[in-house]
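Reader: I would like to learn how to read a model like this one, feature by feature. Where do we begin?

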Amino acid sequence: FQPIQVLATTALVAFTLRETHVRILRFTLQLRYHHRNGVPYLPLLASHLLESLAFVPIMIGVLMFLFEFFDDQMLAFMVFSVVWVSEIFCIVKVRGHADMRRFPQATPLPAYAESITDVAY
């Protein structure tokens, strides 16, 4: 049962990081558009904040599941932190530009990367 739990936790953390990355890039492009065209920032900031709050229940749910599974809150939080740091390491180091040039077939471009520039204004 433990490999399934680790797989589920890793998948949820990877999903959250990927979605956060895409949302931050879209927010940056929209912020640049608002700055260049003199559009007010408040609606953009409010919508970004509300979209980001959608991930709070996901993270709390993962932590509650880990708390129940390990029956120790500190151990569960440490496992969650190790998974989170491992996923960040994979995003930064393994999927970085230098590695993408060295191993293009081994690490294909993620499907969401093409949709980053498709920002609706």
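Author: The model is predicted. The expected span of a helix is 1.5 Å times one less than its number of residues. Helix α1 covers residues 2-37, which is 36 residues, so it should span 52 Å. Its end C-alpha atoms are 52 Å apart, and the two values agree.

Reader: Which residues of α1 are buried?

Author: Buried means under 20% relative accessible area. In α1 the buried residues are Gln 5, Thr 9, Val 13, Ala 14, Thr 16, Leu 17, Val 22, Phe 27, Leu 29 and His 34. Across the protein, buried residues make up 23% of the 121 residues.

Reader: How many helices and strands does the protein have?

Author: Five helices and zero strands. Along the sequence the pattern reads α-α-α-α-α.

Reader: How do I read the contacts across the sequence?

Author: Look at separation along the chain. Take contacts between residues at least 6 apart in sequence: 66% of them join residues at least 24 apart. Ile 58 gives a case. Ile 58 sits in helix α3. Ile 58 and Leu 12 are 46 residues apart in sequence, yet their C-alpha atoms are 8.1 Å apart in space.

Reader: Which residues does Ile 58 touch, leaving out those up to four places away in sequence?

Author: Leu 12, Phe 15 and Thr 16.

Reader: Is Ile 58 buried or partly exposed?

Author: Partly exposed, because its relative accessibility is 27%. The buried class stops under 20%.

Reader: Which residues form the nonpolar patch on the surface?

Author: Leu 49, Leu 50, Leu 53, Val 56, Ile 60 and Met 64. Together they have about 570 Å² of accessible area. Next, ask which elements supply them. Helices α2 (42-52) and α3 (55-70) each give at least two residues. Helix α3 gives the most, with three.

Reader: Take one member. Where is Val 56 found?

Author: In helix α3. Val 56 has a relative accessible area of 38%, so it counts as partly exposed. A patch residue needs over 30%.

Reader: How do I read aromatic pairs?

Author: A pair of aromatic rings is described by the distance of the centres and the angle of the planes. A search of the whole structure finds four aromatic pairs. For Phe 65 and Phe 69, the ring centres are 6.3 Å apart and the planes meet at 20 degrees, so this pair is stacked. The stacked class needs planes under 30 degrees apart.

Reader: Where do Phe 65 and Phe 69 lie?

Author: Both are in helix α3, four residues apart, about one turn of the helix. Both are also partly exposed: Phe 65 has 39% relative accessibility, and Phe 69 has 28%. Phe 69 pairs again, with Phe 70. Those ring centres are 5.1 Å apart and the planes are at 85 degrees, so the pair is edge-to-face.

Reader: Which residues make up the aromatic cluster here?

Author: Phe 65, Phe 69 and Phe 70 form one cluster.

Key:
Residues numbered from 1 in each chain as written. Predicted model: local features only at pLDDT ≥ 70, side-chain atom pairs only at ≥ 80, totals over all residues. Heavy atoms only, no water. Patch = residues over 30% accessible without salt bridge, like charges linked within 9 Å, V, L, I, M, F, W, Y side chains within 5 Å. Areas by Shrake-Rupley, 256 points an atom, 1.4 Å probe, with all protein chains shown as cover. Salt bridge = Lys/Arg side-chain N within 4 Å of Asp/Glu carboxyl O. Buried < 20%, exposed > 50% of the residue type's maximum accessible area, 1.4 Å probe, protein only. Contact = heavy atoms within 4.5 Å. Phe/Tyr/Trp six-rings, centres within 6.5 Å; stacked < 30°, edge-to-face > 60°.
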